[in-house]
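Reader: Could you walk me through this model and tell me what stands behind each term you use?
Author: Gladly; here it is.

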Amino acid sequence: MKRHHPAALVLVTTVGLLLFAPAAASARSQGAGDWDDSDDTRAVALLGRAAAALDQVSYSGTRIISSWGPDSSTTVLVDVEHVASQGTLVRMRGGGVADDTAAFLAAGEGDSPQRPDFGPDSLQLLTASYDVRRGAPSRVAGRSAQVVEIAQGATLVARIWVDEQSGLPLRREMFDAAGRLAIESAFIDLRITDTAFLAHLPPSSPRAQSDQVDPVALPMLRERGWPCPPQVGSLRMVGVERMESSSALHVSYSDGLSRVSVFEQRGALLDEPLAGFTPTRLGGTVVQLRVGMPSYAVWEDAGTVYTVVTDAPVDTVAEVVASYPHSGGSESGFWTRVAGGVGRLSAWVTPLV
Amino acid sequence: MSHLGERLTALVDGHLDAAERDRALAHVRHCAECRADVQHQHWVRRRLQELPDAEPSAALLMSLQDVGAGAVPVQAAVADEQATRWRFPTRRHAAMAVAGAGTVAAGVLGLAYVVGAAPAAEPVRPPVGEFSAKFADVGDPPFSDAAVDAFPVLHSGSDRNPGFGRDSGFGRESLVSRR
């Protein structure tokens with residue numbers, strides 16, 4: 001993997017931002033018109049082709065990824081080398097990450113991250129949650145691309161550029177509820193390859209072990225004070241599991257466009273602030289927030305610590321916080337405390353599984 | 001001959017016919033016990049006849065008149081009693097029920113409030129690194145990208161992000177398998 005000179009990196013990042021941000025704002029203003037109630041079938045087909053290409057096409061290139069929060073922004077460059085049958089090697093610079101920090105994402109046997117018990121696959125989720133239509137064709141990294149615009153009513157939510165030649169998604173923009181560009185990921189260089197095998201992979205590291213929770217057990221979990229809302233904002237629950245090491249309950253959500261993971265742990269949040277997090281009022285309470293890729297929010301309510309991890313804009317984080325128990329301040333309210341007590345009494349009365 | 005028994009009173013009162021009276025008197029002449037009884041009953045009768053006629057007092061007469069004026073037909077009295085029983089116990093029972101329910105509710109609320117107090121739970125520092133790795137491990141919608149997925153893992157191993165690296169247990173370079 002070739003190394004980039006720091007000055008060149010800064011230059012590329014700056015040029016990328018200068019090029020992308022105005023173009024995104026301009027394109028958004030053009031695309032946020034009236035939307036048909038029915039999805040554009042050709043736009044849906046483009047998304048299906050893009051999803052398949054991510055698993056079937058080998059490539060290498062460089063991406064620029066940026067995210068914007070209320071008070072901060074992050075931009076990194078990522079060298080990507082993807083072998084369809086093996087996985088993706090990413091090497092990252094910038095954004096507070098040590099240079100040449102690398103990760104390998106092995107290709108799984110199944111394409112869908114959703115548990116079959118929990119509902120439809122990602123594309124079905126996306127078309128069920130949003131309106132999909134084609135935008136004006138454009139070019140990304142010197143390649144011709146078809147544009148798919150994803151909206152909720154008259155509000156543009158995301159835009160995806162699909163490579164005409166390979167079907168790979170070349171660029172993705174996500175907007176917050178106010179219409180501001182929140183996350184952008186785009187190739188600035190892309191080469192389609194026929195590489196069959198990646199060598200010199202990073203060493204193996206332990207995976208977080210977990211046990212799947214059957215959906216039929218969810219009502220019982222809720223009665224015992226483990227809130228698992230079936231939906232947060234536009235995202236639906238797609239999986240629940242129990243982490244072995246931390247005993248946390250992990251609830252996953254998706255709308256086909258973004259993911260949210262909520263981790264619930266019994267205990268009291270340490271008073272000392274988390275490094276890199278900022279106390280922020282969000283979703284009706286004060287949380288420890290870190291905006292980035294992904295974004296994080298941590299708060300405590302009635303003896304349970306909640307940690308949200310998501311690749312969605314901060315608006316979605318606020319929706320998640322609002323959907324989960326939160327006291328609205330540092331002190332628990334009377335009814336919150338009573339509700340917690342009722343839940344605890346119920347747990348005592350009902351034998352534990 | 002047996003003693004006079006019940007015929008003794010009839011003899012004293014003069015209620016026996018002639019034949020019965022003769023036979024009774026013949027017995028009394030020979031039976032000292034029955035003769036003593038006959039004498040005793042005559043003595044009681046004379047004493048009662050010697051008592052003066054009793055006149056009721058004015059207060060007693062007025063009390064009796066009040067009772068008569070307040071008297072109501074039996075059916076009306078029964079109906080009135082039933083109606084009284086229906087109204088009075090219902091109000092009382094309702095009040096008792098409300099008070100009881102309120103007490104129980106207050107007790108349950110109080111118990112829930114006490115039990116719902118913030119538990120003396122152990123302090124928790126979320127293992128953000130582990131959570132990030134799990135987030136990346138779950139998989140993604142087809143239109144996010146692997147580079148973004150890799151970020152949590154990279155953050156967890158970055159010395160520049162101590163909030164991620166402290167508890168993660170993941171190294172600077174990580175191998176994460178996607179489902």
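Predicted model: local features only at pLDDT ≥ 70, side-chain atom pairs only at ≥ 80, totals over all residues.

Author: Residues are numbered from 1 along each chain as its sequence is written, while chains are lettered from A and ligands numbered from 1 in the order in which they are written.

Reader: What makes strand β19 of chain A largely enclosed by the rest of the structure?
Author: A residue is buried if 20 or more other C-beta atoms lie within 10 Å of its own, exposed if 12 or fewer, and partly exposed in between, with C-beta atoms placed from the backbone. Seven of the seven residues of β19(A), residues 295-301, are buried, so the strand is largely enclosed. On one side these are Ser295(A), Ala297(A), Trp299(A) and Asp301(A), and on the other Tyr296(A), Val298(A) and Glu300(A).

Reader: How do you know which strands pair with β19(A)?
Author: Strands are DSSP runs of E with at least two residues, helices are runs of H or I with at least four, and both are numbered from the N terminus. Two strands pair if DSSP finds at least two bridges between them. Strand β18(A), residues 285-290, has three bridges to β19(A) and runs antiparallel to it; Leu289(A) has Ala297(A) as its bridge partner. Strand β20(A), residues 304-310, pairs with β19(A) over seven bridges, also in the antiparallel sense, with Asp301(A) opposite Thr304(A).

Reader: What lies between the strands of each hairpin?
Author: Four residues separate β18(A) from β19(A). Two residues separate β19(A) from β20(A), and Ala302(A) in that turn has a positive phi of about 50 degrees.

Reader: What makes a set of residues a nonpolar core?
Author: The members are buried Ala, Val, Leu, Ile, Met, Phe, Trp, Tyr and Cys residues joined through C-beta atoms within 7 Å. The largest one has 48 residues, and Ala50(A), Val148(A), Ile150(A) and Val157(A) touch the most other members. Helix α2(A), residues 41-56, gives the most to this core, with seven residues. Apart from this core lies another, of 42 residues, including Met237(A), Tyr253(A), Val291(A) and Tyr296(A).

Reader: How do you know that the buried residues of helix α3(A) are on the same side?
Author: Those residues of α3(A), residues 122-129, are Ser122(A), Leu125(A), Leu126(A) and Ser129(A). They cover an arc of only 100 degrees around the axis, which puts them on the same side of α3(A); the arc is that of the directions from the helix axis to the C-beta atoms. An α-helix has 3.6 residues a turn, so residues three or four places apart point the same way. The buried residues of α3(A) pack against β13(A), residues 235-243, and β14(A), residues 249-254.

Reader: Where is confidence lowest, and where is it highest?
Author: pLDDT is the predictor's confidence in each residue, from 0 to 100. In chain A the lowest mean, 43, belongs to helix α1(A), residues 6-31, and the highest, 94, to strand β7(A), residues 143-152. The chain averages 78, and 77% of its residues score at least 70.

Reader: And what does chain B contain?
Author: Chain B has eight helices and two strands, in the order α-α-α-α-α-β-α-α-α-β along the sequence. Of its 179 residues, 28% count as buried.

How values were computed. Contact = placed C-beta atoms within 7 Å.
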